[in-house]
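Please open the model in your viewer and keep the selection panel at hand.

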Amino acid sequence: MHGKLYLIKEGEISLKGGNRNLFEKQLRHNIKNKLRPFHSDITKQKGRLYANIAEEADDALIEKALKTTPGITGFARAHRAEKSVEAIISKAKEILPSSSFRNGDSFRVTVKREDKTFPLDSHEMSCELAEAVFSLFPDMTVDLKHPQHTLTCEIRQDVYLYTGEEKGEGGLPYATAGKGMLLLSGGIDSPVAGYMMAKRGMKLDAIYFHAYPYTSELALEKVRQLASIIAPYLGGLRLFVVPFTEGQLHIRDKGYEEEATLMFRASMMQTATRIAKENGAAAIVTGEALSQVASQTLDAMSFTDSMTDLLVLRPLVGMDKEEIIEKARTIGSYETSILPYEDCCVVFSPKHPVTRPVKEVSRRHFEELEMDDIISEAVKNAEVYSFDPMGREIKDEGN
């Protein structure tokens, strides 16, 4: 297949010992799935994957696909050369004029010589390639520590040259660490929590609790946008939108006002547990950070955890708000998260919420609310929105 060649670097996968092949196989599958519309072919050599992609494929979309795939530490548009000194120099002179190299800038050459039978060692080949750079850009200067540009040559089974390496997400390929259910609100925290679990290899679905008309259709649209933004990091996902107006009103009218948020969190846990088990998820993921709000104290979280027999994961638990905001900006969810459309947690929040609930008392109060039928009805009426690995919303094809 002739087309665009991308060299893809693995990271943590290389430390996986005997299980490495399983992780590499999943990463190849994840990349192939992302690049499916571009008619790609992916091959492997030690520590590297190579994606050969149709020439007409859009460069920006390819880069988005690779940048949002956990397990990739870096990638670059690469060019293959014959394994001889003359052919490598010729290929370098062919590709450099269309690169970002410019007279007056600084550069370095990096040679990685995996094939020890190659006649020149890394330093000698670096000098040859540096001379090739100077022949084209005589006013460039060498800077080995902080260059503006780098020409890299990898001498392996084949020879690859590239400039302009892009940084990847790192971490582990999604779908190598089981499946979870993300509690996705319209806030800043939960999209970041989903992203962080994806980097640890987890595949996720998401669940959102909608209390129309107390929360608007714009609030739902906001959450769908957030799902679209994080979907590429997750290899696509399904968003379960649970209608919970009846449940919220029931808690407000029948429960204790100061416990309203706590009781709603308990309902969320039980609802999410049912949907998670129906869809093969073994954990619930939340965006909670310790003591950020009243429902996120140790006592409150201990109570809500007691509402499920699934593992509850809180990847943000030790982060402060500025750290979370910085990560939200990085993944592109922040501007959507701060749109002024409130979710039902905020709308029904009491003025003076309990912060140190006694678990046994709170459990008794929750049981007195008799939420089972309401939760069952909400689960039955959940609506599913599906997003593909590039974040585009697609028609759901069922569970």
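The stops below begin with the overall fold, continue to a charged surface patch and end at a loop residue.

**Whole protein.** Display the complete model, which is a predicted one. Along its principal axes, the C-alpha trace extends over about 80 × 40 × 40 Å. Of the 399 residues in the protein, 53% are buried.

**The negative patch.** Next, select Glu86, Asp121, Glu124, Glu128 and Glu131, and show their side chains. Together these residues form a patch of negative charge on the surface. Which helix gives the most to the negative patch? Colour residues 122–136 to see the answer: this is helix H4, which supplies 3 residues.

**Glu131.** Remain on helix H4 and centre the view on Glu131, which is located in that helix. Its relative accessibility is 53%, and because exposed means over 50%, Glu131 is classed as exposed.

**Thr215.** Now move to the loop that runs between strand S11 (203–210) and helix H6 (217–234), and select Thr215 there. Is Thr215 buried or exposed? Thr215 has a relative accessibility of 1%; since the buried class lies under 20%, this residue counts as buried.

Methods
Residues numbered from 1 in each chain as written. Predicted model: local features only at pLDDT ≥ 70, side-chain atom pairs only at ≥ 80, totals over all residues. Heavy atoms only, no water. Patch = residues over 30% accessible without salt bridge, like charges linked within 9 Å, V, L, I, M, F, W, Y side chains within 5 Å. Areas by Shrake-Rupley, 256 points an atom, 1.4 Å probe, with all protein chains shown as cover. Salt bridge = Lys/Arg side-chain N within 4 Å of Asp/Glu carboxyl O. Lys, Arg positive; Asp, Glu negative; His and termini not counted. Charge placed at Lys NZ, Arg CZ, Asp CG, Glu CD. Helix = DSSP H or I, 4+ residues; strand = E, 2+ residues; numbered from the N terminus. Buried < 20%, exposed > 50% of the residue type's maximum accessible area, 1.4 Å probe, protein only.
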